[in-house]
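Work through each task before reading its solution.

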Amino acid sequence: MTPEQQEAYFKQEWMATTREFFERVVAAARAVRPQATISIYNQPTQTYWAWLSPSAALDQRRGHDEVPWFWDLIDII
């Protein structure tokens, strides 16, 4: 594999593993507390100050747009 292919593969595996982790955590929480409202603090990672810089805010937004399944998984932000 080329370095670019390796990087794409690593990202694909990381995203799949991360998704599985969060889905299992939320499923376990819902099994124990079915009436609970689910949220995960500071995930996907973000900082308040990054929103003050247009380029940093754009980078964060791109990261958030990569994980639409996450936003469907939780109840509130």
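**Exercise 1.** Determine which residues form a nonpolar patch on the surface, and state the accessible area of the patch.

*Solution.* The patch consists of Met-1, Tyr-9 and Phe-10, which together have about 370 Å² of accessible area. Patches take residues with over 30% relative accessible area and no salt bridge, joining like charges within 9 Å and nonpolar side chains (Val, Leu, Ile, Met, Phe, Trp, Tyr) within 5 Å. Areas come from the Shrake-Rupley method with a 1.4 Å probe, and for residues only the protein chains shown count as cover. Tyr-9 is found in helix H1; helices (H or I, at least four residues) are DSSP runs numbered from the N terminus. Tyr-9 is partly exposed because its relative accessibility is 39%, between the limits for buried (under 20%) and exposed (over 50%).

The model is predicted: local features need pLDDT of at least 70, side-chain atom pairs count only at pLDDT 80 or more, and totals for chains, interfaces and linings use all residues. Residues are numbered from 1 along each chain as its sequence is written, and side-chain values use heavy atoms, without hydrogens and water.

**Exercise 2.** Identify the partner of Lys-11 in a salt bridge, and locate both residues.

*Solution.* Lys-11 pairs with Glu-66 at 2.3 Å, N to O; the criterion is a side-chain nitrogen of Lys or Arg within 4 Å of a carboxyl oxygen of Asp or Glu. Lys-11 lies in helix H1 and Glu-66 in the loop between H2 and helix H3 (68-73), so the pair links distant parts of the chain, 55 residues apart. Glu-66 also touches Met-15, contact being heavy atoms within 4.5 Å.

Note on methods:
Helices (H or I, at least four residues) and strands (E, at least two) are DSSP runs, numbered from the N terminus. Buried means under 20% relative accessible area, exposed over 50%, partly exposed in between (1.4 Å probe, protein chains only). Lists of a residue's contacts leave out its neighbours within four places in sequence.
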